[in-house]
Amino acid sequence: MTERRLATDAEAKALASALRLRILRICVRQPRTNKEIAEILGRDPASVLHHTRTLVRTGFLEAQEERRGARGAREIPYLATRKSWHLEAPALDRSMLDAFLEELALVPASEAEGTRMALRLPPPQMEEFRTRLKDLLDEFAARPDDPAAPAWSLFLVVHADPNRP
């Protein structure tokens, strides 16, 4: 299981934005320029640049080798460092949910698969369940990308059920 450390204040602040989390997901496997990121998000490049710089400053994005664009303009692609995978941050959970909901809204309902379940397990079994889920996620996150395969997204939350005291 991957051990996570507590985020610094600057790291937590950087991750407390659904837009920044979406930028990290866009750059996780393929370096993207600020212009490419803005086009994918449907946002103004100047606004996206502020967020990109924040992610670079806090070590979540890393600038790659400069390249020239179609018109000879200087372009800097950015690649996610995957640093966020190893952090715990209080605001991260809410911003992750917001980013997930923004992305899910862009997917046709027929292409999204979801499920919900209720459990009532004693603490040792619940700890086993959580550990096995984390281990499974860590295992698949460590696998290399297949560039020919479709890209998938997953969001998982385990929480106490307020409806069943």
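The legends below accompany close-up views of a predicted model.

**View 1. Strand β6 (residues 77–80) meets β2 through two bridges.** Start with Arg-32, which has Tyr-78 of β6 opposite. Then move along to Thr-33, which faces Pro-77 in β6. The two strands run antiparallel.

**View 2. Three bridges link β3 with β6.** This pairing is antiparallel as well. A handy landmark is Leu-61, with Ala-80 of β6 standing opposite.

**View 3. The second largest pocket holds about 190 Å³ of space.** Its lining takes in Thr-33, Asn-34 and Lys-35, together with the residues Gly-69, Ala-70, Arg-71, Gly-72, Ala-73, Arg-74 and Glu-75. Two elements, α3 (34–41) and β5 (74–75), each contribute at least two residues to this lining. Sorted by class, the lining comprises two nonpolar, four polar and four charged residues.

**View 4. Phe-100 and Phe-155 form a stacked aromatic pair.** Their ring centres lie 4.8 Å apart, with 20° between the planes. A search of the whole structure turns up one aromatic pair, so enjoy this one: Phe-100 belongs to helix α5 (residues 92–104) and Phe-155 to the segment after α6 (123–141), and the pair therefore ties together parts 55 residues apart in sequence. Phe-100 counts as partly exposed because its relative accessibility is 22%. Phe-155, with a relative accessible area of 23%, is partly exposed too.

**View 5. The charged end of Lys-83 sits over the ring of Phe-60.** To find the contact, look for the centre of the Phe-60 ring, 4.8 Å from that charged end.

**View 6. The charged end of Arg-143 sits over the ring of Phe-140.** In this view, the charged end of Arg-143 is 3.9 Å from the centre of the ring.

**View 7. Helix α2 (residues 18–26) is largely enclosed by the rest of the structure.** The reason is that eight of its nine residues are buried. Those buried residues are Ala-18, Leu-19, Arg-20, Leu-21, Arg-22, Ile-23, Leu-24 and Ile-26. Do note that Arg-20 and Arg-22 are among them. When following side chains around a helix, remember that an α-helix has 3.6 residues a turn, so residues three or four places apart point the same way.

**View 8. Gly-42 lies in the loop between α3 and α4 (45–57).** With a relative accessible area of 64%, Gly-42 is exposed, because the cut-off for that class is over 50%. For a sense of scale, the C-alpha atoms of Gly-42 and Leu-133 are separated by 34 Å. Along the chain, Gly-42 and Leu-133 are 91 residues apart.

Definitions and conventions: Residues are numbered from 1 along each chain as its sequence is written. This is a predicted model: local features need pLDDT of at least 70, side-chain atom pairs count only at pLDDT 80 or more; totals for chains, interfaces and linings use all residues. Side-chain values use heavy atoms; hydrogens and water are left out. On a 1 Å grid over the protein atoms alone, a cavity is a set of points where a 1.4 Å probe fits but cannot get out, and a pocket is an open set with protein on both sides within 12 Å along at least five of seven lines; lining residues have an atom within 4 Å of a point. Grid points are joined across faces, edges and corners, and a volume is the space filled by probe spheres set on the points. Helices (H or I, at least four residues) and strands (E, at least two) are DSSP runs, numbered from the N terminus. Ala, Val, Leu, Ile, Met, Phe, Trp, Tyr, Cys and Pro count as nonpolar, Asp, Glu, Lys and Arg as charged, and the others, Gly among them, as polar. Two strands pair if DSSP finds at least two bridges between them. Rings of Phe, Tyr and Trp (its six-membered ring) pair if their centres lie within 6.5 Å; planes under 30 degrees apart count as stacked, over 60 as edge-to-face and the rest as tilted. Buried means under 20% relative accessible area, exposed over 50%, partly exposed in between (1.4 Å probe, protein chains only). A charge sits over a ring if NZ of Lys or CZ of Arg is within 6 Å of the ring centre and within 35 degrees of the ring normal.
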